[in-house]
Amino acid sequence: MTRLISSLVLLLLAGTGAVADTTHGIAMHGDLRLPPGFAALPYVNPAAPKGGTIRQAVTGSFDTLNPHIVKGVPALGLGLTFESLLTRSWDEPFSLYGLLAESLEVADDRSAVTFRINPKARWHDGTPVTADDVLFSLAVQRAHGTPNRRLFYAKVTTAEAPDPRTVRFAFAANPDGSIDREMPLLMGLMPIHSKAWWGDKPFDRTTLEPIPGSGPYRVASVDPGRRITYERVPDYWGRDLPIRLGQFNADRLDYVYYRDDSVALEAFKAGEGDVRREIDPAKWATGYDGPALRDGRILREELPHRRPDFARGLIFNTRRPLFADIRVRRALGMATDFAWMGRTLFHGVLARTASYYPNSELAAQGLPEGEELRVLAAFRDRLPPELFTRPFALPQSDGSGPAGSRGNLREALRLLAEAGWRVRDGRLTDAGGRPFAFEILLADPSEEKVALEFARSLDRLGIAASVRTVDSAQFQARLERFDFDMTLRWWISSLSPGNEQLYYYGSEAAGQEGSRNLAGIRDPVVDSIARSIAEATTRADLVARVRALDRVLSWGHYMVPLFHSPVDRLAHWTRLKRPETTPLYGPLIETWWVEDGR
């Protein structure tokens with residue numbers, strides 16, 4: 001009788017959206033690929049042995065163990081200590097399966113979701129995870145979390161716990177009356193914190209005190225800024241869940257920080273690291289040579305993936321008056337011979353990035369057509385006419401080197417002249433005689449070669465661009481305050497973009513310190529298209545809307561695009577083994593294991 005009354009209450013609370021059947025997961029679009037009662041994920045080895053240590057030599061620093069606030073630079077690996085109600089399958093565009101929640105019910109229109117917490121779920125101290133913990137987590141992250149979480153969680157209108165194992169969320173409609181269909185998934189991915197542990201502790205401050213979670217690892221030791229070590233929780237509550245089998249196999253995870261990536265590479269080659277992802281093609285080509293590689297103790301593998309790669313570029317801060325004019329941004333993108341740069345600096349193995357979703361079906365191609373054209377046509381009077389008449393294309397250079405591509409330079413100078421800039425005594429100045437000068441802010445010395453080459457190219461236009469590399473803490477602080485002219489950074493999206501696109505490119509996020517709208521984009525067209533992405537009800541509609549957004553962003557010239565790779569390059573010592581199957585999103589170190597547990 002009690003169960004019947006509870007179900008009736010939930011139906012009434014759901015408003016106009018009828019509650020669907022109880023399910024083991026949820027897909028953003030279409031059906032789940034894994035059925036109820038599945039044995040294990042398709043890209044793991046369920047029989048992988050446990051034991052040993054996996055070490056990684058990484059660059060940078062850290063000053064906090066709370067990754068869920070704006071302040072501070074969090075240590076790597078902290079996601080392994082926290083869990084969420086649902087978790088991803090990395091072989092599907094955007095599908096979530098039960099983790100802390102053993103099941104869920106979703107309103108047909110996705111205006112509400114109810115989670116049923118697994119009775120086995122435990123914090124590291126052995127106490128149960130409860131609905132109160134979930135409600136507490138929503139409250140503190142809505143008040144003090146990162147800007148993207150505050151943006152998402154603000155849409156929750158009702159958060160209730162009918163009993164200690166049940167929690168229900170209802171969501172506000174958009175101004176046009178539609179429902180954000182991604183919200184049930186976003187709530188499923190909300191990091192859950194222990195209400196009892198936090199007590200009166202301030203959630204919004206950095207801390208080096210280990211925070212207990214419910215995940216497969218806990219912090220074992222911390223050397224601030226230099227090293228963090230995790231230990232596998234021996235009685236981890238979820239170790240036998242199908243969604244967890246074959247993962248988190250090492251007894252210990254060790255992250256050792258180095259200030260310089262070249263030093264980190266040498267540490268790896270000397271045996272002080274077990275696995276390394278390489279993003280620098282030059283190092284991949286020549287930097288790994290040594291006895292361990294030659295005698296087969298180190299393996300290098302190129303593993304293809306099908307996810308969007310990083311949209312990496314030299315990003316303009318359009319909050320600066322210097323870069324507010326699109327003609328200026330477009331002109332600066334024409335000065336460098338990127339064909340020469342790709343061949344000389346990156347051994348010709350990278351592709352120039354011409355999309356915000358490179359290496360995926362989400363990238364805009366050719367001319368807009370079908371549903372994408374319909375989306376864009378609604379804003380025809382506010383978009384460049386050429387967006388509809390010719391495909392977006394990056395300036396083509398002849399590959400002859402810094403002194404080449406004179407045609408591009410002439411066109412750049414023409415655009416700059418239109419924007420009011422003139423060359424006087426070899427320097428580009430405005431009408432008041434002020435020189436065109438700015439700073440490129442970096443955090444990684446390995447990026448200097450690209451930034452310096454770009455700056456040298458601009459010098460031919462009479463532009464003085466200086467390059468400044470700062471430590472990771474200062475870089476992060478300046479990034480969060482948008483205190484830079486230009487920076488070398490990136491955006492990254494999944495195969496199912498959603499609400500985070502407003503956090504990356506939306507007008508509201510442009511004014512929120514700590515947001516990922518580094519470029520300061522304030523465009524109602526971008527806002528409208530980005531908002532519509534989460535409302536897509538089919539995969540085809542989603543792809544069309546993302547392509548439309550990609551096209552608008554590309555024609556906005558908010559960055560000078562750099563390069564991307566269609567493969568993941570990983571080097572590892574042979575004691576480390578991996579599953580035969582690589583998932584859609586690429587290799588996952590958490591599915592690897594140490595041979596014989598050594």
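This is a predicted model: local features need pLDDT of at least 70, side-chain atom pairs count only at pLDDT 80 or more; totals for chains, interfaces and linings use all residues.
Local features need pLDDT of at least 70 and side-chain atom pairs count only at pLDDT 80 or more, while totals for chains, interfaces and linings use all residues. Residues are numbered from 1 along each chain as its sequence is written, and side-chain values use heavy atoms, with hydrogens and water left out.

Start with the interior. A nonpolar core here is a set of buried Ala, Val, Leu, Ile, Met, Phe, Trp, Tyr and Cys residues joined through side-chain atoms within 4.5 Å. Buried means under 20% relative accessible area, exposed means over 50%, and partly exposed lies in between (1.4 Å probe, protein chains only). The largest nonpolar core holds 89 residues. Phe115, Phe169, Met187, Tyr505, Ile529 and Leu549 touch the most other members. Helix H19 (residues 539-556) gives this core its largest share, eight residues. Helices (H or I, at least four residues) and strands (E, at least two) are DSSP runs, numbered from the N terminus.

Leu549 shows how the packing works out locally. Contact means heavy atoms within 4.5 Å. Setting aside neighbours within four places in sequence, Leu549 is in contact with Tyr357, Gln501, Tyr505, Val526, Ile529, Ala530 and Ile533. Another core, of 38 residues, lies apart from the largest one. Its members include Phe323, Met341, Leu350 and Phe438.

At the start of H10, a side-chain oxygen of Asp337 comes to within 3.3 Å of the backbone nitrogen of Ala339. Just after the helix, His347 takes a positive phi of about 55°.

Now turn to the hairpin. Strand S6 (residues 101-106) and strand S7 (residues 112-117) pair in the antiparallel sense over five bridges. Two strands pair if DSSP finds at least two bridges between them. Glu105 has Thr114 in S7 as its bridge partner. Five residues lie between the strands of this hairpin, and Arg110 takes a positive phi near 65°.

Arg165 forms one with Glu102, the closest N and O atoms being 2.7 Å apart. Arg165 is partly exposed, at 25% relative accessible area. Glu102 is partly exposed too, at 38%.

Other pairs sit within a helix. Glu371 bridges to Arg374, with the closest N and O atoms 2.7 Å apart. They are three residues apart in helix H11 (residues 370-377), so about one helical turn separates them. Glu371 is partly exposed at 26%, whereas Arg374 is exposed at 51%. In helix H14, Glu453 and Arg456 are likewise three residues apart. Their closest N and O atoms are 3.1 Å apart. Glu453 is buried, with a relative accessible area of 7%. Finally, salt bridges that share partners join Arg320, Glu439, Arg478, Arg481, Asp483 and Asp485 into one network.

Definitions and conventions. A polar contact is a pair of N or O atoms within 3.5 Å; within protein, one must be able to donate a hydrogen and the other to accept it, and residues adjacent in sequence count only if both atoms are side-chain atoms. A salt bridge is a side-chain nitrogen of Lys or Arg within 4 Å of a carboxyl oxygen of Asp or Glu.
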